[in-house]
Amino acid sequence: RAGTPAMGVSSCFGSPLLNDVLGLGISLTAYTARNYPHPFRFDKRSRSFQTVVLCWVALGFILLLSLVAFPLSKFTPPRYYSVILFLVYIAFMALNVLDVTNVIDIDFRYVYFLRRAVV
């Protein structure tokens, strides 16, 4: 068991980051190589941009929650922490499905900390 808590925490942070960096990096590199010299333009008012922002907000929230929870529990989180993570994930998926099916409209253009990036 020596070293496994640190490895577990680092994999919680490293795995989503690696997936995002490699997934976005490889696909955007292939796109720009194919469409050179035209730059990549992402429509910030599109539905897909709103979905991506929702995913990043949820990922950031879960990572910050873990960043606080793991040191407070001395890197052995209690079992109820997994229930909390599942509930947050279910809430995120419900919001995402409701947003994509137009039941609710989540608009991040008016969120203060995203204002410069979106507007």
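Modeller: Leaving aside neighbours within four places in sequence, serine 66 is in contact (heavy atoms within 4.5 Å) with Phe13, Pro71, Tyr81 and Leu85. This is a predicted model, in which local features need pLDDT of at least 70 and side-chain atom pairs count only at pLDDT 80 or more, while totals for chains, interfaces and linings use all residues. Residues are numbered from 1 along each chain as its sequence is written, and side-chain values use heavy atoms, with hydrogens and water left out.

Colleague: Which helix holds serine 66?

Modeller: Serine 66 lies in helix α2, residues 47-72. Helices here are DSSP runs (H or I, at least four residues), numbered from the N terminus.

Colleague: Why does serine 66 count as buried?

Modeller: Serine 66 counts as buried because its relative accessibility is 5%. Buried means under 20% relative accessible area, exposed over 50%, and partly exposed in between (1.4 Å probe, protein chains only).

Colleague: And serine 48, where is that?

Modeller: Serine 48 is also placed in helix α2. It counts as partly exposed because its relative accessibility is 41%.

Colleague: How far apart in space are serine 48 and valine 100?

Modeller: Their C-alpha atoms are 8.9 Å apart, although the two residues are 52 apart in sequence.

Colleague: A change of topic: where is leucine 24 found?

Modeller: Leucine 24 is found in helix α1. With 44% relative accessibility, leucine 24 counts as partly exposed.

Technical notes. Helix = DSSP H or I, 4+ residues; strand = E, 2+ residues; numbered from the N terminus.
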